[in-house]
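Here is a short briefing on one structure. Read it with the model open beside you.

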Amino acid sequence: VCSLSSGKFGTLLSGSWDTTAKVWLNDRCMMTLKGHTAAIWAVKILPEQGLMLTGSADKTIKLWKAGRCERTLTGHEDCVRGLAILSEMEFLSCANDASVRRWQISGECLQVYYGHTNYIYSISVFPQCEDFVTTGEDRSLRIWKKGECAQTIRLPAQSVWCCCVLDNGDIVVGASDGIIRVFTESLERTASAEEIQAFENELSQASIDPKTGDLGDINAGDLPGKEDLKDPGTRDGQTRLIKDNGKVEAYQWSVSEKRWIKIGDVVGSSGATQQTSGKVLYEGKVYANFNWFYYFLCWYFVFFDLLKLRGRSTKSTTCFITFEAHFVKQSLLFSTISLGAGRYVPGSSSGSSTIPAADPFTGAGRYVPGSASNSVAPVGGVDPYTGMGAYQSAAVEVENIYFPKKDAVTFDQANPTQILGKLKELNGTATEEHKLTEDDLIVLGKLLSATCNTSAEKPTAKQLQTLWRAVNWPEDIVFPALDILRLSVRHPTVNENFCSEKDHIQFIILLLKFLNPNGKQANQLLALRTLCNCFVRQAGQKLMMEQRDEIMTQAIEMKSGNNKNIHIALATLTLNYAVCLHKVNNIEGKAQCLSVISTVMEVVQDLEAIFRLLVALGTLISDDTNAVQLAKSLGVDSQIKKYASVSEPAKVKECCRFVLNLL
């Protein structure tokens with residue numbers, strides 16, 4: 001593990017040599033972030049935005065949203081070693097190319113800072129401002145104010161591995177000599193004169209390798225003597241070399257103390273070339289061409305919690321932290337795509353119904369086979385899932401009738417006559433290879449009647465074979481056949497046939513083929529609704545849970561668009577998964593669904609889709625403190641707060657408030 005960052009509610013992000021980053025909660029790996037091609041040296045969490053940042057030896061920075069890579073930032077010429085958060089919208093990075101870059105989360109590089117002359121290992125920001133500090137392989141701690149290097153502090157160690165700024169403004173650094181040092185502007189916390197002198201003595205006795213790139217090529221015969229130190233420096237951190245008794249000494253100008261401070265003796269000679277010295281050149285500066293095995297002496301958050309240090313420097317402090325890795329399958333993240341409406345809307349809620357009530361899950365009266373009504377006696381009011389209009393809160397305290405949801409939500413509304421009419425119309429345009437006979441059309445009509453429970457007949461093998469031929473039509477004419485599949489898969493015989501061990505692979509491949517961002521929107525909608533309806537039977541539930549990663553991974557490909565039907569279908573698919581996951585308490589699956597909810601909430605406008613996502617969220621976190629903490633770490637609570645004050649429909653407001661009570 002190369003890097004760590006902590007977030008809200010106990011969330012931890014780790015980066016590793018294995019090119020992955022992992023999100024942890026209560027000792028469990030909730031998801032794995034894959035995409036880098038080299039070790040991940042730096043990680044950070046932006047909790048307000050729900051973003052995670054990773055910097056890698058592949059020279060890129062990746063921004064992750066709910067576990068999915070949103071964008072990749074390029075610009076650094078070498079390994080990215082450190083990240084620091086400036087604000088909700090901006091952050092800093094440092095790298096082996098000796099540069100610091102300022103970025104917007106949109107991916108735009110706003111500014112590049114130069115000052116170090118070798119690898120920059122670490123970066124940290126001062127509290128309540130945009131000033132920052134950096135440390136690197138040039139033996140220095142550099143303090144940056146208003147975008148300029150305002151002060152350079154040399155240390156008696158070649159590699160200054162890490163730094164952090166404490167809440168009081170003190171700066172803590174850890175170096176390759178095994179010592180942690182604290183630097184302060186406060187007179188009250190400044191070390192004694194003896195300690196400061198001891199530090200300067202140690203610094204003056206250090207040996208400087210000229211090939212580190214900080215001093216440039218040195219010709220000792222051309223160097224001045226100590227008399228050159230009578231002239232003041234022109235800027236803080238300016239380095240001056242002088243010759244004294246045959247030795248080459250390095251001095252640094254301190255603006256605050258108005259004097260030259262010896263920072264070491266220069267040993268060895270320059271004159272090495274890029275090929276012979278093992279260095280590489282960048283913008284005229286020299287850099288080591290090897291990778292240090294990057295051991296952190298201390299982590300920045302350990303300083304905040306464990307170190308109560310005062311003074312200019314301290315003795316060595318050693319901190320050991322262990323973390324047991326739990327390896328789980330990668331959790332993938334998803335978003336949505338929307339559909340436009342057409343003259344014929346397959347699976348739409350526009351079909352006729354004898355039920356006067358409006359079902360909030362389908363947009364019209366929900367059809368239930370063998371029943372003239374679908375209402376269920378609610379607790380304290382009308383059932384918002386199946387019943388008589390919008391839920392109206394009673395004068396007494398409203399009880400939570402929304403979640404945890406126990407059963408799958410399906411898309412049942414249909415007009416069989418309209419579906420069959422469209423099927424016959426498009427059959428007339430089909431090629432001879434795909435054209436159905438009149439007998440085939442009659443067979444499909446009987447299947448539709450049987451599965452919609454308008455007939456007592458049981459679906460036959462011939463009917464299922466004919467349906468399979470129809471759903472394999474070309475994509476431009478297949479949607480009425482998909483509509484029949486959407487309705488038929490609710491029937492136990494059809495569900496068992498398509499979702500059984502024997503045929504389920506072909507069935508899933510078929511549906512996932514239609515979840516294509518470049519495909520027809522009607523097919524996308526009906527494929528999602530068919531997947532939702534699979535949950536109504538045990539065989540379908542088993543298949544949906546086994547293929548969860550593949551199904552939801554493909555669903556994320558449909559991210560663009562703003563049609564509410566697609567959003568509602570995707571929200572319903574997430575809700576049905578939440579119902580199953582609540583029963584089995586699969587924390588990995590819950591993490592995936594929570595990530596889906598967080599992502600979809602950003603693009604959904606339709607309040608019916610929002611309602612279903614809220615029910616899914618409530619179902620996932622009910623009776624599960626780990627799921628509650630994970631939802632908080634994703635920032636879901638801040639995403640949904642605005643829905644607690646909507647006026648209509650009342651069910652959205654009430655459900656949102658129940659969810660917020662759990663969060």
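N523 is found in helix 10 (residues 521–534). Helices here are DSSP runs of H or I with at least four residues, numbered from the N terminus. This is a predicted model: local features need pLDDT of at least 70, side-chain atom pairs count only at pLDDT 80 or more, and totals for chains, interfaces and linings use all residues. Residues are numbered from 1 along each chain as its sequence is written, and side-chain values use heavy atoms, leaving out hydrogens and water.

**The setting of N523**
- N523 has a relative accessible area of 0%, so N523 is buried (under 20% relative accessible area, with a 1.4 Å probe and protein chains only).
- Beyond its neighbours within four places in sequence, N523 is in contact (heavy atoms within 4.5 Å) with E475, V478, F479, L482 and F514.

**The largest nonpolar core**
- A nonpolar core is a set of buried Ala, Val, Leu, Ile, Met, Phe, Trp, Tyr and Cys residues joined through side-chain atoms within 4.5 Å.
- The largest one has 107 residues, and L573 and I640 touch the most other members.
- Helix 13 (residues 564–584) gives the most to this core, with twelve residues.
- Not counting residues up to four places away in sequence, I640 touches M601, L614, L617, C656, V659, L660 and L663.

**A second core**
- A separate core has 13 residues, including V133, I171, V173 and F199.

**A general point**
- In soluble globular proteins, nonpolar side chains tend to be buried together.

Notes: Helices (H or I, at least four residues) and strands (E, at least two) are DSSP runs, numbered from the N terminus. Buried means under 20% relative accessible area, exposed over 50%, partly exposed in between (1.4 Å probe, protein chains only).
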